[in-house]
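Look over the sequence and the fold, then work through the points below.

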Amino acid sequence: MLNKITSHVSHRDELKFSDRNERIFSFLKQNPIGVLSTVTPNNSPHGTVVYFQINKDFTVSFLTKTETRKYSNLSHNNHVMLTVFEPESQAVAQVIGTTEEIEDGFETNSIAGTILGISMKTSEAGTPPISKLYAGAYVAMKITPAQIRMTVYARPGSGSYEELFESLESFELKDT
């Protein structure tokens with residue numbers, strides 16, 4: 001099983017992106033912290049900060065725990081939006097999609113290791129916030145995007161919404 005995972009990852013690393021896909025992928029890879037927006041069972045919005053990893057197929061993975069509000073919300077309604085902002089360039093990306101729980105233990109452990117590494121690089125606190133909550137067992141989740149939108153507001157000049165935003169739709173993400 002591990003060999004299949006390794007060869008699968010190696011194949012994905014060889015993929016070539018269009019310039020637009022590369023810009024969006026690189027932005028999300030370099031800015032691995034965002035606000036995950038979910039919907040509560042009574043249809044109210046809920047946002048929480050998550051550390052995440054992006055994969056070459058543009059799926060996004062993160063950790064939560066089974067007794068968090070986030071997990072409860074995702075169990076009720078798996079539609080999400082992940083918003084990532086980078087202040088220096090005033091760039092923002094929004095990943096809109098659906099989530100599913102990752103059942104594979106090896107994949108969950110790999111995601112946990114990646115998230116821990118990201119947290120240790122970006123925070124004086126070391127471990128990610130989810131590790132500090134007594135809220136049940138760890139669960140890895142995956143967002144399958146239906147759309148990813150990105151813009152860099154620090155570009156010179158201004159424009160309309162259509163001129164500023166680059167967008168990848170689900171059918172374009174499947175071609176990567």
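A residue is called buried when its relative accessible area is under 20%, and exposed when that value is over 50%. By that cut-off, Lys70, Tyr71, Asn73 and Leu74 are buried in helix α3. Seen down the axis of α3, the buried residues fall within an arc of 160 degrees, so they line one face of the helix. The model is a predicted one.

**The chain as a whole**

- The chain holds six helices and seven strands.
- Along the sequence, their order is α-α-β-β-β-α-β-β-α-β-α-β-α.
- The chain has 176 residues, and 40% of them count as buried.
- Take the contacts between residues at least 6 apart in sequence: 67% of them join residues at least 24 apart.

**Helix α3 and its surroundings**

- Helix α3 spans residues 69–76.
- Its buried residues pack against β1, β2, β3, β4, β5 and β6.
- Arg69 and Ser75 are exposed, on the other side of α3.
- Asn73, one of the buried residues of α3, has a side chain in polar contact with the side chain of Thr38, at 2.9 Å.

**Thr38 in strand β1**

- Strand β1 covers residues 33–39, and Thr38 lies in it.
- Is Thr38 buried or exposed? Its relative accessibility is 3%, so Thr38 counts as buried.
- Leaving out residues up to four places away in sequence, Thr38 touches Ser44, Pro45, His46, Asn73, Leu74, His79 and Val80.
- Two of these, Asn73 and Leu74, are also among the buried residues of α3.

- Strand β6 runs from residue 138 to residue 152.
- How many of its 15 residues are buried? Eleven are, and the strand is mostly covered.
- Strand β3 (residues 60–65) runs antiparallel to β6, and six bridges join the two.
- Within this pair, Thr64 stands opposite Val139 of β6.
- Strand β5 (residues 91–101) also pairs with β6 in the antiparallel sense, over eleven bridges.
- Ala91 has Val152 of β6 as its bridge partner.

**The nonpolar cores**

- The largest nonpolar core has 26 residues.
- Which residues have the most contacts inside this core? They are Leu28, Phe62, Leu82 and Ile143.
- At least two residues of this core come from each of α2 (19–30), β2 (45–54), β3, α3, β4 (79–86), β5 and β6.
- Strand β6 gives the most to this core, with six residues.
- A second, separate core has eight residues, including Ile111, Ile115, Ile130 and Ala140.
- Back in the largest core, Leu28 is one of the residues with the most contacts. Setting aside neighbours within four places in sequence, Leu28 is in contact with Phe52, Ile54, Val84, Ala93, Val95 and Ile148.

- Most residues other than glycine have a negative phi.
- Asn43 has a positive phi, near 65 degrees. Asn43 sits in the loop between β1 and β2.
- Asn43 has a relative accessible area of 58%, so this residue is exposed.
- Phe58 has a positive phi too, near 70 degrees. Its place is in the loop between β2 and β3.
- Phe58 has a relative accessible area of 0%, so this residue is buried.
- Where does Tyr134 lie? Tyr134 is in the loop between α4 (105–122) and β6.
- With a relative accessible area of 86%, Tyr134 is exposed.
- Tyr134 and Lys65 are 69 residues apart in sequence, and their C-alpha atoms are 8.6 Å apart in space.

Technical notes. Residues are numbered from 1 along each chain as its sequence is written. This is a predicted model: local features need pLDDT of at least 70, side-chain atom pairs count only at pLDDT 80 or more; totals for chains, interfaces and linings use all residues. Side-chain values use heavy atoms; hydrogens and water are left out. Buried means under 20% relative accessible area, exposed over 50%, partly exposed in between (1.4 Å probe, protein chains only). Helices (H or I, at least four residues) and strands (E, at least two) are DSSP runs, numbered from the N terminus. Two strands pair if DSSP finds at least two bridges between them. A polar contact is a pair of N or O atoms within 3.5 Å; within protein, one must be able to donate a hydrogen and the other to accept it, and residues adjacent in sequence count only if both atoms are side-chain atoms. Contact means heavy atoms within 4.5 Å. A nonpolar core is a set of buried Ala, Val, Leu, Ile, Met, Phe, Trp, Tyr and Cys residues joined through side-chain atoms within 4.5 Å. The arc is that of the directions from the helix axis to the C-beta atoms.
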